[in-house]
Amino acid sequence: MTTPPNNIRASRFVAGAGARRIRVSFEFFPPKTAEMESTLWDSINRLAPLAPSFVSVTYGAGGSTRERTHATVKRILAETGLTPAAHLTCVAATRDDIDAVVRAYCEAGVRHIVALRGDPPTGVGEPYAPHPGGYLNAADLVAGIRRSADVEVSVAAYPEKHPDSPSVEADIDMLAAKVDAGATRAMTQFFFENDLYFRYLDRVRARGIAIPIVPGILPVQNFKQARGFAVRCGASVPDWLAERFDGLDDDPATRKLIAAAVAAEQVVDLVDRGVTDFHFYTMNRADLVFAICHLLGLRPDAKREAA
Ligand SMILES: Cc1cc2nc3c(=O)[nH]c(=O)nc-3n(C[C@H](O)[C@H](O)[C@H](O)COP(=O)(O)OP(=O)(O)OC[C@H]3O[C@@H](n4cnc5c(N)ncnc54)[C@H](O)[C@@H]3O)c2cc1C
């Protein structure tokens, strides 16, 4: 008997002869305090030996973390063998300001930027108005980055459409504009129902968009917080997910086990349906992401561990 029970066919993608190669990337946010910085670096050091394709560092709302994002990316370059990707938004900055940030990244050795419009400084859900003299949206930013630097540019994609989009078609038009401007990869907003991702992928491919659309996976470290994020970014939270975490508010140990099971089920199903690349929203925590990557067949690279 070699088939694992409960539909978890992990043997299909354990690294080895004939196995499909799984690639992962990890997203972190810049820390605000010394304690958060230490948590972040513990997580980076734990996940680094899994040899991610890249690790990305977010750019806080309204450019509020500009310096901290830059410092985190620089430290990743200086202290690890990882390839960093710096997130950058159009918010509250002129084109000149943003071009200067891109040049500074290039001079520091960064070769990958995640280009985003960002949310209004007044808050998610408020109407977005571009900064006077700023980039209009993510497609405009991608074009600006590609004009001023020889870097890889990734962008965001929304399986359940962006809340500002009048329709899925309008949303996919914006993705097409980002690709036409030079984006070569999209990472999706998180989702919990894999069918949403595959339906979206079908529509994106039907529109002639060929770049990788990498699923963004949010391991649910904290259900209430995840539901809050989902409400703000227009992602749906299925009832079955709420039911799984029901009654566990004061039981973090069980919550963690449930979170691992939920994420495992999601990624195993994605792999079974042909997905090989994953972008993990780590929330700067390594444990769940490490466990899920282990399940995906990734093992620490001894050379990176020794580094
Ligand atoms: C992988 C990922 C990483 C992210 N990282 C960050 C980060 O580091 N920092 C941060 O602040 N935010 C981040 N975000 C959130 C993102 O900034 C917000 O979702 C933002 O509201 C939209 O950014 P965008 O780049 O998708 O915008 P765009 O692609 O420019 O637009 C998003 C959607 O809004 C609609 N839209 C845009 N302009 C118009 C218009 N003029 N008229 C009508 N509709 C329009 C389009 O339909 C489009 O699909 C991230 C999101 C994802 C998925």
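Analyst: Start with accessibility: a residue is buried under 20% relative accessible area, exposed over 50%, and partly exposed in between, using a 1.4 Å probe and protein chains only. This is a predicted model, in which local features need pLDDT of at least 70 and side-chain atom pairs count only at pLDDT 80 or more, while totals for chains, interfaces and linings use all residues. Residues are numbered from 1 along each chain as its sequence is written, and side-chain values use heavy atoms, with hydrogens and water left out.

User: How many salt bridges does a search of the whole structure find?

Analyst: A salt bridge is a side-chain nitrogen of Lys or Arg within 4 Å of a carboxyl oxygen of Asp or Glu. By that criterion the search returns 13. One of them pairs Glu-152 with Arg-185, with 2.8 Å between the closest N and O atoms. Glu-152 belongs to strand E5 (residues 152-157) and Arg-185 to strand E6 (residues 185-190), so the pair ties together parts that are 33 residues apart in sequence. Strands (E, at least two residues) and helices (H or I, at least four) are DSSP runs, numbered from the N terminus.

User: Is Arg-185 buried or exposed?

Analyst: Arg-185 is buried, at 17% relative accessible area.

User: Which residue forms a salt bridge with Glu-169?

Analyst: Arg-203 does, and the closest N and O atoms are 2.3 Å apart. This pair links distant parts of the chain, with Glu-169 in helix H5 (residues 168-181) and Arg-203 in helix H6 (residues 194-206), 34 residues apart. Glu-169 counts as partly exposed at 46% relative accessibility, and Arg-203 is partly exposed at 39%.

User: Where do Lys-224 and Asp-249 meet?

Analyst: Their side chains meet in a salt bridge, 3.4 Å from N to O. Lys-224 is in helix H7 (residues 223-233), and Asp-249 is in the loop between helix H8 (239-245) and helix H9 (252-272), 25 residues apart, so this pair too links distant parts of the chain. Lys-224 is exposed, at 55% relative accessible area, whereas Asp-249 is partly exposed at 48%. Elsewhere, salt bridges that share partners join Glu-37, Arg-75 and Glu-79 into one network.

User: How many disulfides does the structure hold?

Analyst: A disulfide is a pair of cysteine sulfur atoms within 2.5 Å. The structure holds zero. Cys-106 is in no disulfide, its nearest cysteine sulfur being that of Cys-90, 17 Å away. For Cys-233, the closest cysteine sulfur is also in Cys-90, at 18 Å, which is too far for a bond. Cys-233 is buried, with 15% relative accessible area.

User: Which residues come nearest to the ligand?

Analyst: A residue is near a molecule if one of its heavy atoms lies within 4 Å of it. Among 22 residues around the ligand, the nearest are Tyr-59, Asp-119, Ser-165, Asp-171 and Lys-178. Nine residues of this shell are nonpolar, eight polar and five charged. In this scheme Ala, Val, Leu, Ile, Met, Phe, Trp, Tyr, Cys and Pro are nonpolar, Asp, Glu, Lys and Arg are charged, and the others, Gly among them, are polar. H5 gives the largest share of the shell, four residues.

User: What lies 2.7 Å from an oxygen atom of the ligand?

Analyst: A polar contact is a pair of N or O atoms within 3.5 Å; within protein, one must be able to donate a hydrogen and the other to accept it, and residues adjacent in sequence count only if both atoms are side-chain atoms. The answer is a polar side-chain atom of His-162. A side-chain N or O atom of Asp-119 is 2.5 Å from a ligand oxygen, and one of Lys-178 is 2.6 Å from a ligand oxygen.
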